[in-house]
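Try each task before you read its solution.

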Amino acid sequence: RCYFCTYIFRVMKRYVLLFVVLVVLAVAGSCRKNPYAVSLTGVDIDFTVKRLEKDLFTVNSLTIKERVPALIEEYGKFLEYFSQVIHTGDIYSPVWHEYLSVFVNDRNNFEAYGAVEQVFAEFGDVEDGLRQAFRHYRYYFPGKPVPEVVTCVTGFNNSIIVGDSVIGIGLERYLGPDTEFYGRLGIYKYLTMRMDRPYIVTDVMYAWASTEWDYYATGYGADNVFARIFHEGKLQYFVRRMLPEVPEEVIFAFTPDQMKFSRNNEDLMWTYLIEHDMLFSTDQFLIRKLTGEAPFTSYFTNESPGKAAVWIGFRIVDQYMKRNPGVTLGELMEMKDYQKVLGGARYNP
């Protein structure tokens with residue numbers, strides 16, 4: 001009996017088994033291919049981010065008046081939106097530069113700008129994320145213009161400013177949940193959780209979608225819980241399509257535990273809405289409780305996330321699109337008949 005041959009056989013058998021396991025894992029991984037991913041080959045956009053905060057806070061206050069024409073030339077209509085947000089009035093007023101100077105020289109605003117300069121000294125990752133998101137936008141909506149993106153400091157007034165063909169990002173509202181500013185301003189912890197770098201791109205895409213497909217302009221016929229859930233579900237589905245590689249926890253701004261709760265209790269939440277006759281309620285208080293910002297959804301449990309019903313809306317839309325592959329994203333975003341979508345989804349969590 002050849003013990004050496006027996007040993008070699010056993011080693012080879014072990015490696016063959018390992019190879020088979022690796023092949024099975026590779027096949028299984030390919031079967032779990034991201035259903036939202038698309039090829040962006042050939043989809044190019046002319047995209048850069050303008051930095052208004054740098055142009056404002058690095059200017060000598062004595063020369064702001066002389067800089068105003070150049071600012072208007074560079075930032076155009078966005079400067080008007082920005083001025084409305086910071087309450088400095090008409091940018092074409094002969095005294096606008098005085099109000100702007102007060103804003104720029106305000107101690108809190110200047111400190112906020114300093115923090116922005118530190119946190120966002122490197123901005124390439126955010127810019128790349130925005131570029132990829134808008135490449136997806138161009139892929140799905142080739143006839144629509146890609147908006148210009150401008151960063152700014154708004155005195156903590158706005159995270160996102162949306163105007164005609166332009167989006168502004170108030171970077172001081174993304175300094176991270178532990179920044180001293182948010183505690184000083186008394187902002188609730190559940191809100192500061194998403195006031196962080198990873199949520200910039202998702203917030204931008206959500207804000208753009210909610211403007212392009214405004215709830216009231218869409219015209220659902222009735223303003224009830226289900227219409228709101230459906231609309232918010234469409235918006236979140238849009239964001240999912242624009243950012244296929246971003247984790248769902250970031251898309252929905254849920255903690256990992258809140259995401260786990262939503263997945264594990266989807267059927268119970270849906271049953272609760274049905275059994276308590278909530279779906280077609282027009283009670284605005286109820287609508288806000290189910291779809292508005294909150295630390296949790298009080299109709300469920302303290303473990304649930306705020307806006308938990310929006311997860312239900314997303315799941316209905318997601319299931320509908322999987323069962324109806326011929327429907328384009330553009331067609332979905334224009335849909336008004338939420339009951340038809342519910343039937344087409346055959347939703348049964």
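**Exercise 1. A glutamine and its surroundings**

Which residues does glutamine 258 touch, not counting residues up to four places away in sequence? Keep in mind as you go that this is a predicted model.

Solution. Step one: locate the residue. Glutamine 258 is found in helix H13, which covers residues 256–264.

Step two: list the contacts. Once residues up to four places away in sequence are set aside, glutamine 258 touches Ala253, Pro295, Glu303, Ser304 and Pro305.

Step three: classify it. Buried means under 20% relative accessible area. Glutamine 258 has 15% relative accessibility, so it counts as buried.

**Exercise 2. A phenylalanine in a loop**

Work out where phenylalanine 120 sits and whether it is buried or exposed.

Solution. Phenylalanine 120 lies in the loop between helix H5 (107–119) and H6.

Step two: check the accessibility. The relative accessible area of phenylalanine 120 is 1%, so it is buried.

Step three: find the contacts. Leaving aside neighbours within four places in sequence, phenylalanine 120 is in contact with Arg51, Leu171, Tyr174, Leu175, Arg197 and Ile200.

Step four: take a distance. The C-alpha atoms of phenylalanine 120 and glycine 183 are separated by 20 Å, and the two residues are 63 apart along the chain.

**Exercise 3. The span and packing of H6**

Compare the span of H6 with the expected value, then find what its buried residues pack against.

Solution. Step one: get the span. H6 (residues 124–140) has 17 residues and reaches 24 Å from its first C-alpha to its last. That is close to the 24 Å expected at 1.5 Å a residue.

Step two: pick out the buried positions. In H6 these are Val126, Glu127, Leu130, Ala133, Phe134, Arg135, His136, Tyr137 and Tyr140. Here's a handy reminder for reading such a list: an α-helix has 3.6 residues a turn, so residues three or four places apart point the same way.

Step three: find the partners. Among the strands, the buried residues of H6 pack against S1 (49–51), S2 (148–152) and S4 (166–170). Among the helices, they pack against H9 (200–212), H11 (225–242) and H17 (329–334).

**Exercise 4. Pairing up the strands**

Which way do the strands S1, S2, S3 and S4 run where they pair?

Solution. Step one: start with S1 and S2. They run parallel and are joined by 3 bridges. Lysine 50 stands opposite valine 150 in S2.

Step two: move to S2 and S4. This pair also runs parallel, with 5 bridges joining the strands.

Strand S3 (residues 160–163) runs antiparallel to S4, with 4 bridges between them. Valine 162 stands opposite isoleucine 167 in S4. In the hairpin of S3 and S4, which has 2 residues between the strands, serine 165 takes a positive phi near 65 degrees.

Step four: check the burial. In S2, 4 of the 5 residues are buried, so this strand is largely enclosed by the rest of the structure. In S4, 5 of the 5 residues are buried. In a regular strand the side chains alternate between the two faces of the sheet. For S4, Val166, Gly168 and Gly170 are buried on one side, and Ile167 and Ile169 are buried on the other.

Methods: Residues numbered from 1 in each chain as written. Predicted model: local features only at pLDDT ≥ 70, side-chain atom pairs only at ≥ 80, totals over all residues. Heavy atoms only, no water. Buried < 20%, exposed > 50% of the residue type's maximum accessible area, 1.4 Å probe, protein only. Contact = heavy atoms within 4.5 Å. Expected span 1.5 Å × (residues − 1). Pairing = 2+ DSSP bridges.
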